[in-house]
Amino acid sequence: MLRFDHVGITVADLDAAVDFFTSLGLEIEGRMFVEGAFIDTVIGIYDSRTEIAMLKTPGGGPSVELSSFTRPDYTRGSENPPANELGIRSVAFEVDDLDAIVNRVTTNGYDLVGGIGEYEGVWRMAYIRGPEGIIVAVAQNISQPTV
C-alpha cells in the first residue's frame with residue numbers, strides 16, 4: 001500500500017449529496033460522467049454509466065467520491081441505517097470548530113443522529129445524517145489549546 005486515496009459513496013441524488021458535503025466544508029475537485037469498458041470491467045456491471053463528483057478537504061488528504069448511476073438504475077439500501085447495521089458506518093472528519101459545523105449543517109436541514117458527545121476531555125464528536133442515510137462523523141480535539 002502507498003496511501004489511502006478516497007472513499008466512494010453511491011447516491012441517488014448527486015446534487016443533494018454534493019450540497020451536503022460542501023456544507024460540511026469539503027471542496028469540489030471535479031465532476032464527470034464515466035462509462036465504457038474501463039468502468040464496466042472494474043465494477044462488473046455491463047453498459048454502466050455513472051456521474052462522479054470528487055470532493056476534498058481544504059487541507060488535502062483522501063477524497064470523497066460521490067457516484068450516481070444513470071445506467072443501470074441504483075439499488076436502494078437502508079434509508080436511515082442505525083450505527084450497528086453492517087457496512088460502512090460513517091465517514092469521519094476532524095474539524096476545528098464542531099459547534100460551527102453542527103450549526104451550519106442543521107441550519108441547512110440536516111440532523112444529528114444522536115447528540116454531541118465528549119470523550120474523556122479529549123474529543124467532542126457528533127454523527128450527522130445527510131441525504132440517503134449517509135452518516136458523517138465530525139470530531140474536534142479539545143485537549144489541545146486552539147491557536
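## Contacts of Val 138

In this predicted model, Val 138 touches Leu 24, Phe 93, Val 95, Leu 98, Ile 101, Arg 124, Met 125, Ala 126 and Ile 128, when residues up to four places away in sequence are not counted.

## The largest nonpolar core

Val 138 also belongs to the largest nonpolar core, a group of 27 residues in which Val 138, together with Phe 21, Leu 24, Val 64 and Leu 66, touches the most other members. Two or more residues of this core come from each of several elements, among them helix H1 (14–24), strand E4 (63–71), helix H3 (98–107) and strand E9 (135–141). Helix H1 gives the largest share, with six residues. In soluble globular proteins, nonpolar side chains tend to be buried together.

## The largest pocket

The largest pocket holds about 670 Å³ of space, and of the 26 residues that line this pocket, Ile 9, Thr 10, Ser 78, Glu 132 and Ile 134 are the closest to its centre. Strand E1 supplies the largest share of the lining, namely four residues. Sorted by class, the lining of the largest pocket consists of 13 nonpolar, eight polar and five charged residues.

## The second largest pocket

The second largest pocket, with a volume of about 190 Å³, is lined by 14 residues, and those nearest its centre are Leu 24, Gly 25, Glu 94, Val 95 and Ile 101. Among these, Leu 24, Val 95 and Ile 101 are also touched by Val 138. At least two residues of this lining come from each of E5, H3 and E9, and by class the lining has nine nonpolar, two polar and three charged residues.

How values were computed
Residues numbered from 1 in each chain as written. Predicted model: local features only at pLDDT ≥ 70, side-chain atom pairs only at ≥ 80, totals over all residues. Heavy atoms only, no water. Core = buried A, V, L, I, M, F, W, Y, C linked by side-chain atoms within 4.5 Å. Buried < 20%, exposed > 50% of the residue type's maximum accessible area, 1.4 Å probe, protein only. Contact = heavy atoms within 4.5 Å. 1 Å grid on protein atoms, 1.4 Å probe; cavity = no way out; pocket = protein on both sides within 12 Å on 5 of 7 lines; lining within 4 Å. Points joined across faces, edges and corners; volume = space filled by probe spheres on them. Nonpolar A, V, L, I, M, F, W, Y, C, P; charged D, E, K, R; others polar.
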